Amino acid sequence: MNLFNLMGKPGLPNIVAFQPAGLLGFPNSVEVTDRWSNTGSGVGGGANSIRTALGEYFERRHFYKEIVSKDCALLSEFLREDEVDCFVKVFLQTSSRKISSRGVKNHRFEMSKVVRVSDFSTCYIPAVFVSLSWRGLEKDSAIYPLRDTCGCSFHWDPKVAFFGALKEHMERQFLLRFWLTKKCNSLVCEKQVKHVLENRKSLALYEALSAAGEVSVIDISDHAFPGVCILTVYGQRKEGHHVRYCAGMSFASGAGEAIEKSLFELWQTFRFMDLFVSLKSDERKIKDAYLRHFLRCNSYATYLEITDVLVSPLSNSVSEHEFSFLGLRSALNSEKITGYLYSSVSAVEGVRCVFSKYISPDLFMHMNNAQGINIVNKYSETFKDSIVQDRLRVMVPFP
């Protein structure tokens, strides 16, 4: 069933497409889009799929189209000397053209207002760290050309939006650490997966995927931080199938919730890939470079590569911090990781909402580990000797 925005209200998407699962126990899918190709998708039971899709749509529309920057300024006009040095270190690694430290310090950036996560004081940082578009930021984008939705969040409740931004950013850090080192805490066995999914609707989906192909559930949590981060991957060794490799990931308070959400995310991408291949669609027409890369990784060989792991728990201890915004903030402060939180209050049809994004020069700034990334940072310093050099040349196979 499709719903069309015939009234032409600019604050709402143009089409909401409902894709019921067709099987009891499977999650429903919803896709949302507008005439400017802003999209959002979601999976889940009942209205959860609708809320997730609309949230992703509003989030992407905002960060692609609605970021407002301040007049040009030097980094030193709004940031402390140590903060300037951190951003210079980032730009020297990400720039697509040759530039010196002095060149970065003398460059006038378009700036966006943020708060320091450490003490909530206000400052300004380059808008290219916030905006996903080059529009109006062409002169700065040459120094920081690659960016993505890492750390972006949207919600009606500001507390949920802020927590979502931190969660989303940190799970991506754990993923890159795992991909670059091959190290994980454990491969969760089938018996344990079924145990934690008992009485959850996702159990039927897990059993169906396992019967159709191979499913590996990988614990990639970092015990310096609260919560559990799970990467779930699907592989199909038989030729002729539309989906030979797929992945989903989630960072949550416990294993059951994390595994379930990672399965839902995997299924969301699985459905897209299956439809895309069956319709013989042209991947060159996809604007999202990450999604194009992921589609090119659609092979059983990718599944074998990503499940070639080294089980090496980082620590036997459990984080003392609670799984909340303040808990994650405390963990980041304990690790002396500098971070900034962008937020913007808006309204959709008169209802207040909040957009948020977490940015940290001490962490990986985006997800393309093979190009234009600050591979040298405070977080990677802890595992730099474990990085598999071949992985530096191949972007993580994740949508």
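## Strand pairing and the sheet

Two strands count as paired if DSSP finds at least two bridges between them. Strands (E, at least two residues) and helices (H or I, at least four) are DSSP runs, numbered from the N terminus. In this predicted model, local features need pLDDT of at least 70, side-chain atom pairs count only at pLDDT 80 or more, and totals for chains, interfaces and linings use all residues. Residues are numbered from 1 along each chain as its sequence is written, and side-chain values use heavy atoms, with hydrogens and water left out.

β10 and β11 (residues 214-219) run antiparallel and are joined by three bridges; Ser 186 has Asp 219 of β11 as its bridge partner. The open sheet holds four strands in the order β10-β11-β12-β13, with antiparallel pairing. β10 (186-188) and β13 (245-252) are its edge strands, each pairing on one side only.

## Helix α9

Tyr 290, Leu 291, His 293, Phe 294 and Leu 295 of helix α9 (residues 289-296) are buried, that is, under 20% relative accessible area (1.4 Å probe, protein chains only). These buried residues pack against β13 and α8 (255-278), where contact means heavy atoms within 4.5 Å.

## Helices α5 and α11

The axes of α5 and helix α11 (residues 325-334) come within 9 Å and cross at roughly 45 degrees. Axes are lines fitted to C-alpha atoms, for helices over the stretch in contact, and angles run from 0 to 180 degrees between N-to-C directions. α5 and α11 are therefore oblique to each other, as angles under 35 degrees count as roughly parallel, over 145 as roughly antiparallel, 65 to 115 as roughly perpendicular and the rest as oblique.

Notes. Buried < 20%, exposed > 50% of the residue type's maximum accessible area, 1.4 Å probe, protein only.
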